Amino acid sequence: MEFESILLPGIDAKRPLVIAGPCSAETEEQVMTTARELAAAGVKIFRAGVWKPRTKPGGFEGVGSPALKWLMQAEKETGMYMATEVATEKHVYEALKYGIDILWIGARTAANPFAVQEIADTLKGVDIPVLIKNPVNPDLELWIGALERLYNAGIRRLGVIHRGFSTTDKTVYRNIPQWHIPIELKRRFPTLPILCDPSHIGGDRNLIFKISQQAMDLNYAGLIVESHCSPDEAWSDKAQQVTPAALKEILHNLVIRDTVQTTEDLSVLRDQIDDLDNELLQLLAKRMRVSREIGQYKLEHNMPILQTQRYDQILSDRASQGERMEMSGDFIRKVLEAIHSESVRQQMVVMEREKKNGSPTAEK
Ligand code: PEP
Ligand code: MN
C-alpha cells in the first residue's frame with residue numbers, strides 16, 4: 001500500500017501535524033469557545049466526538065447529528081478543518097452531508113471487521129482523509145486489515161492513530177503504548193502517517209507532554225490531543241483533557257528532532273551495529289550447534305528434551321547477569337526464552353530424524 005503524504009491542503013508538512021478538540025461535542029457554546037481558543041493557539045484541525053461509544057448504556061453517548069451543525073459553524077468562523085469519529089454507515093452519511101473534512105475510526109470500531117467494512121463500503125468513491133485508531137487489543141494484523149479495507153475502497157489519504165492498548169494490568173497509563181506495534185507498522189508502511197493520541201494513552205493530562213515528546217522522538221507525523229475550554233467540567237474523559245492554553249504550552253515545549261541522519265559519525269556507528277549483529281548471529285548459530293549435540297546426547301541416553309530445572313536456573317542467572325550489565329532482566333528473559341524455544345525445536349528435529357533413520361546420527 002502507498003499512501004498520500006498530504007492529508008489536507010494547506011496543512012504544512014512540518015511536524016507535528018496537530019489535531020485538537022474536546023473528547024465530545026457537548027453544547028454549541030462549548031464547541032465554539034473551544035474552537036476559538038484552539039484556533040487562536042494555532043491549531044488547524046479541530047476534533048470532536050459526535051457519537052460516543054460507551055462501555056455501558058446510560059453514559060453520555062454524544063449529541064449526534066445536531067452537533068455536526070456546531071462543527072460546521074466552528075469551521076466557518078475559525079477556518080479550521082473539522083474531524084469526527086464515525087462507526088456506522090449512518091454516521092458516514094451524516095458526516096459527509098454536513099461537510100466534515102476528516103473522519104476517524106475509533107478503537108472499538110477498528111477491532112470489528114464488519115463495522116470497518118461497512119464504513120469502507122459507504123466511502124467507496126469518496127475522497128476524504130480517514131484516520132484509523134489502533135484496535136483496543138494489541139493486534140497489528142487487525143489494524144493493518146482495517147487499513148486494507150479502506151485502501152481497497154479507494155481511500156488514499158489514510159493515516160493511523162496510536163491510542164494505546166487496553167490492559168487489565170495496573171499501569172500509569174490508561175492504555176499501554178506498546179510502542180513496538182506502531183514501530184513495526186511504520187517499518188512495513190513507511191509512507192503511512194502515524195499520529196499519537198497521548199490523551200487516550202495517558203488517561204491523565206499530566207502525561208500528555210511526555211507521551212507527545214516520545215512520539216516526536218519516534219518520528220511520528222503528528223498528535224491528536226483532547227482539549228476542552230473547561231476540562232474539569234467535560235462530560236467525558238475529563239481527566240485527560242487540557243485547556244487550549246495548556247496545549248499551546250505543551251506544543252511549544254516539544255523538541256522536534258528533524259535532522260535526517262546521514263552524518264559521518266552515524267554511519268560509523270551503524271557499521272559497528274552491523275558488525276555486532278553479524279557476531280550475534282554467528283554466536284547464536286554456534287549455540288544452536290551445541291544444543292543439537294546436547295540433543296544427540298539426550299537421545300542416546302534416553303533423556304527428555306526439556307529439563308525444566310536447568311532452564312529455570314539459566315533464566316534467573318542470566319537475567320541477573322544482564323541487570324548487572326545495564327540491561328533489563330525482563331529483556332534478557334525474553335531473549336533467552338526465544339533462544340531456548342529455538343534450541344528445543346532444533347533438538348526435536350534431531351530426535352525426529354533419529355526416529356526416521358532408526359539409528360542415531362552424529363551432528364557435526
Ligand atoms: C475518542 O477519541 O474520544 C475515543 C473515543 O477514542 P478511542 O476510540 O481511542 O477510545
Ligand atoms: Mn475521548
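A polar side-chain atom of Lys52 lies 2.9 Å from an oxygen atom of ligand 1, a polar contact in the sense of a pair of N or O atoms within 3.5 Å (within protein, one must be able to donate a hydrogen and the other to accept it, and residues adjacent in sequence count only if both atoms are side-chain atoms). The protein covers 98% of the 300 Å² of accessible area that ligand 1 has on its own, with areas taken from the Shrake-Rupley method with a 1.4 Å probe and, for residues, only the protein chains shown counting as cover.

This is a predicted model, in which local features need pLDDT of at least 70 and side-chain atom pairs count only at pLDDT 80 or more, while totals for chains, interfaces and linings use all residues. Residues are numbered from 1 along each chain as its sequence is written, chains are lettered from A and ligands numbered from 1 in the order in which they are written, and side-chain values use heavy atoms, with hydrogens and water left out.

| Residue | Distance to an oxygen atom of ligand 1 |
|---|---|
| Lys52 | 2.9 Å |
| Lys133 | 2.8 Å |
| His200 | 3.3 Å |

The residues around ligand 1 include Cys23, Arg47, Glu85, Trp104, Arg163 and Glu226; a residue is near a molecule or strand if one of its heavy atoms lies within 4 Å of it. The shell divides into 3 nonpolar, 2 polar and 7 charged residues. Here Ala, Val, Leu, Ile, Met, Phe, Trp, Tyr, Cys and Pro count as nonpolar, Asp, Glu, Lys and Arg as charged, and the others, Gly among them, as polar.

**Asp237**

Asp237 lies in the loop between β8 (222–226) and α10 (244–253); helices (H or I, at least four residues) and strands (E, at least two) are DSSP runs, numbered from the N terminus. Asp237 counts as buried because its relative accessible area is 17%, where buried means under 20%, exposed over 50% and partly exposed in between (1.4 Å probe, protein chains only). Not counting residues up to four places away in sequence, Asp237 touches Cys23, Arg174, His200 and Glu226, contact meaning heavy atoms within 4.5 Å. Of these, Cys23, His200 and Glu226 also belong to the surroundings of ligand 1. The side chains of Asp237 and Gln240 are joined by a polar contact of 3.1 Å. Phi of Asp237 is near 50°, a positive value in a residue other than glycine.

**Gln178 and helix α7**

Gln178, in the loop between β6 and α7, likewise has a positive phi, of about 45°, although it is not a glycine. Its relative accessibility is 25%, so Gln178 counts as partly exposed.

In helix α7 (residues 180–188), Ile181, Pro182 and Leu185 are buried. Seen down the axis of α7, its buried residues fall within an arc of 95°, so they line one face of the helix; the arc is that of the directions from the helix axis to the C-beta atoms. On the other side of α7, His180 and Arg187 are exposed. The cover over the buried residues of α7 includes α6 (140–152), β6 (158–162) and β7 (194–196).

**Further positions**

Pro16 is placed in the segment before β1, and a cis peptide bond with omega of about -15° joins Arg15 and Pro16. Lys14 is also found in the segment before β1 (17–21), and Lys14 counts as exposed because its relative accessibility is 62%.
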